[in-house]
Amino acid sequence: MVVFVDTQRLTVDDWPNYVPTNLNEDEDYDEFGGKVALDGDRAAVSLTRGVDYYSGSVFLLQKQTEHGHSRWTSQGIINAWDGDPFDRFGVDSIALCRDTLVVGAPYDDFYTNTGNPGAAYVFEFDNVNHVGTGTAIRSTTKLQPADVTSSSYYGFGSSLAIKNDIIIVGARQDNGSKEIPGSAYVFSKSKRPPTASATGAISSPWTQMAKLVASDGEKGNQFGNAVALTPDFVVIGACGSSEEDNGAVYVFNSHNNNWSEEVKLVPPTTASSLFGYSVAAAGNTIIVGAPGTNNKKGAIFVFTSAKDTHAIDGGRSWILQAELVPVDAVENDYFGISVDISVNTGDKNKNAVTTTIMAGAGVPYTSQTHRTFLYRFEQSLPHEPQWTLVERIAPPLDAVPYSDFGRNFAFSGDTLLVSNPGTINSQERHASSEGNLYVFERDGMPRPQTATTTTTDFNQRREQRNNELSPWMNLLISILILFIIQRVFLRNGVP
């Protein structure tokens with residue numbers, strides 16, 4: 001087994017050009033290390049405070065390799081060109097694919113009473129390595145829904161996903177009153193070059209293609225609180241889709257540019273599971289986080305599909321393949337609060353496909369258990385169809401109690417980035433918001449696999465194993481008792 005090893009830690013001080021304004025007396029309140037996005041050798045991480053109160057900023061990184069050694073270096077900072085305090089630019093969502101970075105700002109202009117529903121900003125890298133200057137990226141478009149009204153509140157930008165030339169923007173539409181079910185928007189990038197109007201304004205290459213809503217949407221669904229995207233389908237989480245916040249997940253597909261709801265996935269459990277709080281998808285697999293399951297121990301659900309050849313709209317039949325829970329899970333772990341998935345075809349000659357799931361367990365700041373971990377599960381088809389827990393990644397030593405390690409992460413290839421916005425202040429012994437970003441790389445040295453396969457039938461297999469061992473244990477105990485009796489008799493001179 002190859003494990004991830006902590007190799008680097010970054011803080012806000014690694015970006016010397018960052019100069020926050022409007023500081024209050026708590027100068028540690030940076031909230032660095034919020035949302036994380038990673039694709040290849042590029043990455044981005046958000047900072048809550050930004051240049052003004054909760055306006056938000058996004059810090060760019062790039063992986064540099066010299067003499068066989070790799071290190072992530074700062075590549076500048078981006079902000080919304082029309083940003084205001086409390087916009088939360090990058091705080092709730094960022095997404096990265098190849099040369100395109102998308103940053104959500106679900107509170108854009110909300111507190112200025114202009115009725116704006118939030119926004120998503122699109123940036124493009126120019127593929128030139130401007131180390132440390134921040135000039136390697138340019139802004140292109142500010143996305144907003146086409147059906148916005150002066151009195152609407154959408155939360156547009158509360159979640160994001162991008163794949164190639166498609167962007168999905170979630171708008172969970174929950175302003176605390178739980179009165180609106182939520183929605184998600186599909187944007188497509190035109191292959192035509194941008195044009196200039198008579199006033200000199202450059203046209204946006206991104207066009208809204210569809211607005212997705214649940215067929216059975218109700219108040220408080222929070223449809224759009226999490227989104228995931230593959231070349232074949234879109235996954236939308238709605239973690240509040242019942243009075244008990246049981247949750248649901250909706251799958252949409254496009255047939256001849258017409259988007260339609262393919263299926264609604266629901267959890268096998270009931271009562272406040274928060275099913276759909278986090279989602280991820282790749283290939284024919286959907287991962288759904290349900291951190292409220294089983295008294296907040298949490299769980300993740302794995303769904304797989306097969307193409308339905310009889311469906312005119314290209315639909316699929318989805319089945320629940322596994323429910324994964326770590327063997328060391330306890331109440332209030334909130335396992336599944338974040339999830340991600342990666343598929344590696346590996347050696348084609350061996351016809352093996354390895355799927356990796358990463359899931360976080362992060363307790364709220366009010367919890368007293370301070371259990372924050374990342375768990376890595378793997379499945380290798382066709383040889384090892386069973387999901388196996390291969391690694392539990394614990395916070396580094398400096399991420400002591402009150403850390404938020406594992407709530408936000410991203411992994412790609414051999415690199416795992418984990419944010420930790422709640423590092424403790426060792427002098428005052430309280431939860432400080434000055435955060436870190438940890439870099440983990442796969443260690444090339446194989447290690448013995450010590451983790452245990454963990455699915456819903458784990459307890460059954462453990463009981464079966466105990467039953468198989470019981471006769472042998474009884475025999476060993478009998479031999480031990482006879483040995484002790486013999487020693488006692490010899491000591492007392494009994495022949």
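The entries that follow go from ground rules to sheet, hairpin, rings, pocket and backbone.

**Ground rules.** I am working with a predicted model, in which local features need pLDDT of at least 70, side-chain atom pairs count only at pLDDT 80 or more, and totals for chains, interfaces and linings use all residues. Residues are numbered from 1 along each chain as its sequence is written, and side-chain values use heavy atoms, with hydrogens and water left out.

**Sheet.** I took strands as DSSP runs (E, at least two residues), numbered from the N terminus, and counted two strands as paired if DSSP finds at least two bridges between them. Between β10 and β11 (residues 166-171) I note six bridges. Alanine 171 in β11 is opposite phenylalanine 156.

**Hairpin.** I then went to β4 (residues 57-66) and β5 (residues 69-78), which run antiparallel and are joined by eight bridges. Leucine 61 has serine 74 in β5 as its bridge partner. Two residues sit between the strands of this hairpin, and histidine 67 there has a positive phi near 55°.

**Rings.** I paired rings of Phe, Tyr and Trp (its six-membered ring) if their centres lie within 6.5 Å, calling planes under 30 degrees apart stacked, over 60 edge-to-face and the rest tilted. The count is 19 aromatic pairs. One of them is tryptophan 15 with phenylalanine 59, edge-to-face at 4.9 Å centre to centre and 80° between the planes. Tryptophan 15 is in the loop between β1 (4-10) and β2 (32-39) and phenylalanine 59 is in β4, so this pair ties together parts 44 residues apart in sequence. Both tryptophan 15 and phenylalanine 59 are buried (under 20% relative accessible area; exposed is over 50%, partly exposed in between, with a 1.4 Å probe and protein chains only).

I also checked phenylalanine 233 and tryptophan 318, edge-to-face at 5.2 Å centre to centre with 80° between the planes. Phenylalanine 233 is in the loop between β14 (223-229) and β15 (234-238), and tryptophan 318 is in β21 (residues 316-324), 85 residues apart. Phenylalanine 233 counts as buried at 1% relative accessibility, and tryptophan 318 counts as buried at 13%. Trp81, Phe89, Tyr121 and Phe123 are linked by ring pairs into a cluster.

**Pocket.** I looked at the second largest pocket, with a volume of about 420 Å³. A pocket here is an open set of points on a 1 Å grid over the protein atoms alone, where a 1.4 Å probe fits, with protein on both sides within 12 Å along at least five of seven lines; lining residues have an atom within 4 Å of a point. The lining has 20 residues, with Thr354, Thr356, Arg376, Glu378 and Arg442 nearest the centre. By class, I note five nonpolar, 10 polar and five charged residues.

**Backbone.** The peptide bond from leucine 381 to proline 382 is cis, with omega near 5°. Arginine 88, not a glycine, has a positive phi of about 60° and counts as partly exposed at 24% relative accessibility. Asparagine 257 has a positive phi of about 65° and counts as exposed at 60% relative accessibility.

Conventions: Helices (H or I, at least four residues) and strands (E, at least two) are DSSP runs, numbered from the N terminus. Grid points are joined across faces, edges and corners, and a volume is the space filled by probe spheres set on the points. Ala, Val, Leu, Ile, Met, Phe, Trp, Tyr, Cys and Pro count as nonpolar, Asp, Glu, Lys and Arg as charged, and the others, Gly among them, as polar.
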